[in-house]
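Subject: Structure handover

Hi,

Here is the structure I promised to pass on.

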Amino acid sequence: MQRPQYYLTRAAVMVCLPLSYAAHAADEALIQPAQLIVDQEMAQPQLMDVETAARRYATFWNTGDETLARKALAADFIDKTPPEGRKQGPEGAILASRGFRTAVPDLRCEVEQMIIAGNRVVSHLHFRGHFTGTFGKLKGKGQTVDFIATDIYQVEKGKITANWHIEDNLTLMKQLGAL
């Protein structure tokens, strides 16, 4: 039997969450999803842990703050869909961010939708910036970068243990001038 899922505004979610949520993330200004969809049957402590991990990871991609990646990802984190050559563990994600920020120093990431059910999160991400650095052998000329990605996280004990992701690499490579 499928559990019902409901659309909630950020304000409605904040009203539903206990005050401890604010303390849980008070030391961080975490990215807010434009639309948050949660399983109403989830216990509030589990929802807080899962949502906080996902928002920390999204904020890491938005800011490049490696501390947030280390807080969001389990030590034994597994990237289930890594590009060729990417290291596993938190270091793989951190190195990927550093590398991409070399190409797009003003990279921004918005969470258009976040869906939370059980220990899973689906995040629809929107990346924007300008290609002013280098990417492999390519040198940016200030061209706009604007592409989407979708991530699925598995969260255990407040940490992302696994991630399946797909990026719109065709659009990105065209924008970088690789195609």
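Let's start with the sheet: β5 and strand β8 (residues 143-156) run antiparallel and pair over 12 bridges. Helices (H or I, at least four residues) and strands (E, at least two) are DSSP runs, numbered from the N terminus, and two strands pair if DSSP finds at least two bridges between them. Across this pairing, His126 sits opposite Ile148 in β8.

Some housekeeping before going further. This is a predicted model, so local features need pLDDT of at least 70 and side-chain atom pairs count only at pLDDT 80 or more, while totals for chains, interfaces and linings use all residues. Residues are numbered from 1 along each chain as its sequence is written, and side-chain values use heavy atoms, with hydrogens and water left out.

**More on the strands**

Strand β5 (residues 120-131) also pairs with strand β4 (residues 108-117), antiparallel again, through nine bridges. Here Cys109 faces Phe127 in β5. The β4-β5 hairpin has two residues between its strands, and Gly118 there takes a positive phi near 60°.

Over in β8 you'll find Thr150. Thr150 counts as partly exposed because its relative accessibility is 29%; the scale is buried under 20% relative accessible area, exposed over 50% and partly exposed in between (1.4 Å probe, protein chains only). Leaving out neighbours within four places in sequence, Thr150 is in contact (heavy atoms within 4.5 Å) with Val122, Ser123, His124, Trp164, His165 and Ile166. Thr150 and Gln113 are 37 residues apart in sequence, with 9.6 Å between their C-alpha atoms.

Lys157 belongs to the loop between β8 and β9 (159-167). Phi of Lys157 is positive, near 50°, in a residue other than glycine. Lys157 has a relative accessible area of 85%, so it is exposed.

**Core and rings**

The largest nonpolar core has 41 residues, and Tyr57, Ile116 and Ile160 touch the most other members. A core here is a set of buried Ala, Val, Leu, Ile, Met, Phe, Trp, Tyr and Cys residues joined through side-chain atoms within 4.5 Å. Helix α3 (residues 44-63) supplies the largest share of this core, eight residues. Setting aside neighbours within four places in sequence, the contacts of Ile160 include Ala53, Ala54, Tyr57, Leu73, Phe77 and Tyr153.

There are nine aromatic pairs in the structure. One of them is Phe100 with Phe135, edge-to-face at 6.1 Å centre to centre and 90° between the planes. That pair links distant parts of the chain, with Phe100 in helix α5 (residues 90-103) and Phe135 in strand β6 (residues 134-135), 35 residues apart. For the cut-offs, rings of Phe, Tyr and Trp (its six-membered ring) pair if their centres lie within 6.5 Å; planes under 30 degrees apart are stacked, over 60 edge-to-face and the rest tilted. Phe100 counts as buried because its relative accessibility is 11%, whereas Phe135, at 29%, is partly exposed. Ring pairs tie Tyr57, Phe60, Trp61, Phe77, Phe100, Phe127, Phe135, Phe147 and Tyr153 into a cluster.

**Charges**

I get six salt bridges over the whole structure, counting a side-chain nitrogen of Lys or Arg within 4 Å of a carboxyl oxygen of Asp or Glu. In helix α3, Arg55 and Glu51 lie four residues apart, about one turn of the helix. Their closest N and O atoms are 3.7 Å apart in a salt bridge, and both residues are buried.

Glu66 pairs with Arg98, the closest N and O atoms being 2.6 Å apart. This one links distant parts of the chain: Glu66 in helix α4 (residues 66-72) and Arg98 in helix α5, 32 residues apart. Glu66 is partly exposed at a relative accessible area of 22%, and Arg98 is partly exposed at 40% relative accessibility.

Salt bridges with shared partners join Glu110, Arg128 and Asp146 into one network.

Which charged residue is buried yet has no salt bridge? That's Arg101: the nearest side chain of opposite charge, Asp106, is 7.3 Å away (Lys and Arg count as positive, Asp and Glu as negative; His and the chain ends are not counted). Arg101 is in helix α5, and, not counting residues up to four places away in sequence, touches Phe60, Trp61, Asn62, Thr63, Gly64 and Leu107.

Cheers
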